[in-house]
Amino acid sequence: MRAAEVLLADLGISDPRDIEVEAIAHCVGVTIKYRPLVGCEAQIIGYRDRAIVYVRDDMRPTRKKFSGGHELGHWHHHRGLSFVCRSDDIGRPTDEKSRDAERLADAYSADLILPSFMVAPRLERLGDITLDGIVDIAREFSASLTATAIRLIKTTRQPVILVVNNLYGRKWQWPALGAGGLRVREDLDARASVFSAVLTADRVERTKKEPANYWFDRRHVEQFDVQVQSMRTVEGEILTLLRILDPRMIEFYG
Ligand SMILES: [Zn+2]
């Protein structure tokens, strides 16, 4: 188990509803306070074995929770130090192997709020991952849809790829282990359903089949269909869950 999960286990927490960041912080000598902040989203002021964390109070509950967890991540990895974290520093979907302090803090927060030992059994009950299923699990864990989706994708062996487009037109993709080496093309075909999802906020689009060449730039890939489902989150990101339907596609191109 990872550090944040060990802490949860030590505290006897086994239900997502009991993951209260303020109470957990208290157990490791940290007080979390919510208040207006200028120029940063959260900060931790550490001194010896005690710390105080300030989190900006005008954000969504899921974001405040993640930011609190992020500061606890700094506390775990860099005890006694102080950090000032801007919005840009917190919750950026980047390389998990990074040793950068902000990424370490993010990874800790994700482990605390969506611990694998609680997520895995729910994933099993869910069967095939869908965006609707992700919405339900996110609600149960009081976590953002994007963070929940990333956690499920990293846990599953299903042949799925999660694609996230953010407000600034940047795109990330997380292929699950079961998707082999398949990666979505950089220049998405304008016919791909993700473009219609731009228009509807906070509603899961119905699942549809699309020719694989809308999504993959590989020779003769159009002989296959993929299943896609998109939605726009309240944070403004567009999540697309893409499922490879034919195992031969992974065999040929993965
Ligand atoms: Zn930070």
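Okay, let's start with Thr-156, which sits in the loop between helix H7 (145-155) and strand S5 (160-165). Before I go on, keep in mind that this is a predicted model.

So, is Thr-156 buried or exposed? Buried: the relative accessible area is 6%, and the cut-off for that label is under 20%. Its side chain reaches the backbone nitrogen of Gln-158 at 3.0 Å. If you leave aside the neighbours within four places in sequence, Thr-156 is in contact with Leu-123, Ile-129, Ala-176 and Leu-177.

Which residues coordinate the zinc ion? You've got His-70 and His-74, both through NE2, then Cys-85 through SG and Glu-102 through OE, at 2.0 to 2.2 Å. The angles among the four donor atoms run from 88 to 131°, and the site is tetrahedral. If you like to read these things off the sequence, the spacing of the donors is H-x3-H-x10-C-x16-E. Now look at where two of them come from: His-74 is in helix H3 (residues 61-77) and Cys-85 is in strand S4 (residues 83-85), so that pair ties together parts that are eleven residues apart in sequence. His-74 is buried, at 1% relative accessible area, and Cys-85 is buried too, at 0%.

Four strands make up an open sheet, in the order S1-S3-S2-S4, with mixed pairing. At the edges you find strand S1 (30-35) and S4, each pairing on one side only. Ignoring direction, neighbouring strands here are turned by 15° against each other on average.

And how does S4 run relative to strand S2? Antiparallel: three bridges join S4 to S2, which covers residues 42-47.

Last stop, Pro-211. You'll find Pro-211 in strand S7 (residues 208-211). This one is partly exposed, at 27% relative accessibility. Leaving aside neighbours within four places in sequence, Pro-211 is in contact with Phe-224 and Asp-225. And what separates the C-alpha atoms of Pro-211 and Arg-191? That's 9.8 Å, for two residues that are 20 apart along the chain.

Okay, that's my tour.

Conventions: Residues are numbered from 1 along each chain as its sequence is written. This is a predicted model: local features need pLDDT of at least 70, side-chain atom pairs count only at pLDDT 80 or more; totals for chains, interfaces and linings use all residues. Side-chain values use heavy atoms; hydrogens and water are left out. Donors are N, O and S atoms within 2.8 Å of the metal (3.2 Å for Na, K and Ca); water is not among the atoms, so sites may look incomplete. Four donors count as tetrahedral if all angles lie between 85 and 135 degrees; four count as square planar and six as octahedral if opposite donors are over 155 degrees apart and all others between 65 and 115; anything else is irregular. Helices (H or I, at least four residues) and strands (E, at least two) are DSSP runs, numbered from the N terminus. Buried means under 20% relative accessible area, exposed over 50%, partly exposed in between (1.4 Å probe, protein chains only). Two strands pair if DSSP finds at least two bridges between them. Axes are lines fitted to C-alpha atoms, for helices over the stretch in contact, and angles run from 0 to 180 degrees between N-to-C directions. A polar contact is a pair of N or O atoms within 3.5 Å; within protein, one must be able to donate a hydrogen and the other to accept it, and residues adjacent in sequence count only if both atoms are side-chain atoms. Contact means heavy atoms within 4.5 Å.
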